[in-house]
Amino acid sequence: MRRFAMSVSKIEAKIKDLEQAVQAYNKNNIKLSANGGNSILFMCPPVEESEYIAVMKKTLNSEKYMFLDMNDLLVKFVEENADEIKMKFDFLRNSSNQIFKLPQGEEGNDLFGMIIEEIVSAYDAGKIPVLIRVGALNGTDIENIHIMENKTVMNGKKPLVILYPAENKNQEIMFLGIRPASKYRCMVIGGN
């Protein structure tokens, strides 16, 4: 119990850093330090992601932030498109990642489009979208850079926040502690 209490205070301190960056966005625009991007990559150790989510939901004002759970969206996408996914999987056996993110220029249902629609909903509600449980996207061919470089995000009037389960290893961000990740179009907060 004491370890969790110490962990909560550490998480709350990092959340204050996040809120300062969001506040600075309104004054200075983060695009200067995010290579033209409009996103904040809020890193957390993968094993502490659930704790971060709980503290963020308790701490961040729901009038200002909207949480978008990638795990829930993945499940919703699969449930709504089960027959189509099975057909595509049989057809695209060697390119199954295209089930979740269609090749550029193709139209149809995909998880990537569903994520962008949710971000638009948050913007339309005047809120800052916060992507959580992004580990669910591992293996879908949807990378954080694809979301950060989407024109909807790049042109948003508010930043996109991604709670990113990653570790710094040899000055490189490692998604889930195992795979290099892009930090090009974002401001990074909370690195270990």
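Start by selecting Leu131 and Ile162: Leu131 stands opposite Ile162 in strand S4. Helices (H or I, at least four residues) and strands (E, at least two) are DSSP runs, numbered from the N terminus. The model is predicted, so local features need pLDDT of at least 70 and side-chain atom pairs count only at pLDDT 80 or more, while totals for chains, interfaces and linings use all residues. Residues are numbered from 1 along each chain as its sequence is written, and side-chain values use heavy atoms, with hydrogens and water left out.

**The whole chain**

Zoom out and colour by secondary structure. The protein chain has 7 helices and 7 strands. Read from the N terminus, the elements follow the order α-β-α-β-α-α-α-β-α-α-β-β-β-β. Of the 192 residues in the protein chain, 46% are buried. Here buried means under 20% relative accessible area, exposed means over 50%, and partly exposed lies in between (1.4 Å probe, protein chains only). Among contacts in the protein chain with a separation of 6 or more, 75% are between residues 24 or more positions apart; a contact means heavy atoms within 4.5 Å.

Select residues 128–132, which form strand S3. In S3, 5 of the 5 residues are buried, so the strand is largely enclosed by the rest of the structure. Show the side chains: Ile128, Val130 and Ile132 lie on one side, Pro129 and Leu131 on the other, and both faces are covered.

Which strand pairs with S3 over 5 bridges? Strand S2 (residues 65–69) does, in the parallel sense. Two strands count as paired if DSSP finds at least two bridges between them.

Now select S4. In this strand, 7 of the 10 residues are buried, so S4 is largely enclosed by the rest of the structure. S4 also pairs with S1 in the parallel sense, over 6 bridges. Met43 stands opposite Tyr164 in S4.

**An aromatic pair and a charge over a ring**

Select Phe42 and Tyr52. A search of the whole structure finds 1 aromatic pair. The ring centres of Phe42 and Tyr52 are 6.0 Å apart and the planes are at 65°, so the pair is edge-to-face. Rings of Phe, Tyr and Trp (its six-membered ring) pair if their centres lie within 6.5 Å; planes under 30 degrees apart are stacked, over 60 edge-to-face, and the rest tilted. Phe42 belongs to strand S1 (residues 39–44) and Tyr52 to helix H2 (residues 49–59), 10 residues apart. Both Phe42 and Tyr52 are buried.

Next, select Lys57 and Phe67. The charged end of Lys57 sits over the ring of Phe67, 5.9 Å from the ring centre. This label requires NZ of Lys or CZ of Arg within 6 Å of the ring centre and within 35 degrees of the ring normal.

**Two nonpolar cores**

Select Leu111, Ile115, Ile119, Leu131 and Ile147. These residues have the most contacts inside the largest nonpolar core, which has 32 residues. A nonpolar core is a set of buried Ala, Val, Leu, Ile, Met, Phe, Trp, Tyr and Cys residues joined through side-chain atoms within 4.5 Å. Which element gives the most to this core? Helix H5 does, with 7 residues. Ile147 touches several residues, including Phe112, Leu137, Val153 and Leu160, when residues up to four places away in sequence are not counted. Apart from this core lies another, of 22 residues, among them Ile11, Leu18, Cys44 and Leu163.

**Stops in the loops**

Select Pro46, in the loop between S1 and H2.

Go on to Asn81, in the loop between H3 and helix H4 (82–91). At 9% relative accessibility, Asn81 counts as buried.

Finish at the loop between S3 and H6, which holds Arg133 and Asp141. Most residues other than glycine have a negative phi. Arg133, however, has a positive phi near 55°, and Asp141 has a positive phi of about 75°. Arg133 is partly exposed at 30% relative accessible area, and Asp141 is partly exposed at 32% relative accessibility.
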